[in-house]
Amino acid sequence: MSIRTNQHCFECKECLAKLVLIAHEMTCPKCSRLISGLPHDETLFYENAISTMSFYKRDHGFYRPLAFYVGSWGDMMLSVTYQFFDFLEQENPADEKEFLDDFIKKLKLDDDSDEYLRKHYHDAISTVLVIYLDPGIEKYLEEKFGPREPIKRKSSWFQRLIS
Ligand SMILES: [Zn+2]
């Protein structure tokens, strides 16, 4: 299975808010306009998030790799999503949805005028959280793509030298 991390980003035609493709029909978190006719050949945010989360967790032990490169606004949304799930598993709260509400409230944004981003992050992470809770990321991926093979780690130059 290939991993795609570049998100499909676009702007709302009405208010020019920067958006990530969460659903093929979605409501703009800034101006509440219904945006339809979004491209069906683009991967939705939660699909990218879930695939990469599974890969990174199995390979690194964290959802957010230590050297994750944030090169675009869509990467930033993925990065916040990874942080949320790492934090969630660390804290193990009784109510995950309430934990998300709290996480989003405390999120530091660069610019207060980007307050709509809070709603957009919340909408995006919620789509991942629903699957995370039921049936779970690994089960979801298995149902969608079939049984998964364990990740084979490449041996390091040092291991090759001594073997
Ligand atoms: Zn808008």
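The structure is a predicted model, in which local features need pLDDT of at least 70, side-chain atom pairs count only at pLDDT 80 or more, and totals for chains, interfaces and linings use all residues. Residues are numbered from 1 along each chain as its sequence is written.

The protein chain holds six helices and four strands. Helices (H or I, at least four residues) and strands (E, at least two) are DSSP runs, numbered from the N terminus. The order from the N terminus is β-β-β-β-α-α-α-α-α-α. The chain has 163 residues, of which 21% count as buried. A residue is buried if 20 or more other C-beta atoms lie within 10 Å of its own, exposed if 12 or fewer, and partly exposed in between, with C-beta atoms placed from the backbone. Among contacts with a separation of 6 or more, 51% join residues 24 or more positions apart. Two residues are in contact if their C-beta atoms, placed from the backbone, lie within 7 Å.

Helix packing comes next. Two packed helices are described by the angle between their axes and the distance between the axes. Axes are lines fitted to C-alpha atoms, for helices over the stretch in contact, and angles run from 0 to 180 degrees between N-to-C directions.

Helix α2 spans residues 73–91 and helix α4 residues 116–133. Their axes come within 10 Å and cross at roughly 50°. α2 and α4 are therefore oblique to each other. Angles under 35 degrees count as roughly parallel, over 145 as roughly antiparallel, 65 to 115 as roughly perpendicular and the rest as oblique. The crossing of α2 and α4 is right-handed. A crossing is left-handed if the near helix is turned anticlockwise from the far one by less than a right angle, and right-handed if clockwise. From α2, the contact uses M77, V80, T81, F84 and F85; from α4, it uses Y121, A124, I125, V128 and Y132. Nine residues of this α2 and α4 contact are nonpolar, one is polar and none is charged. Ala, Val, Leu, Ile, Met, Phe, Trp, Tyr, Cys and Pro count as nonpolar, Asp, Glu, Lys and Arg as charged, and the others, Gly among them, as polar.

Helix α1 (residues 45–60) packs on α4 at an angle of about 55°, with the axes 9 Å apart. This crossing of α1 and α4 is right-handed. F45, Y46, A49 and I50 of α1 meet A124, T127, V128 and I131 of α4. Seven of the residues in this α1 and α4 contact are nonpolar, one is polar and none is charged.

α1 and α2 also pack at about 55°, with their axes 11 Å apart. N48, A49, T52 and M53 of α1 meet L78, T81, Y82 and F85 of α2.

The largest nonpolar core has 25 residues. Such a core is a set of buried Ala, Val, Leu, Ile, Met, Phe, Trp, Tyr and Cys residues joined through C-beta atoms within 7 Å. V20, I22, F45, A49 and A124 have the most contacts inside the core. β2 (18–20), α1, α2 and α4 each supply at least two core residues. α4 gives the most, with six.

A49 lies in helix α1. A49 counts as buried because 26 C-beta neighbours lie inside 10 Å. Leaving aside residues up to four places away in sequence, A49 touches L78, T81 and V128.
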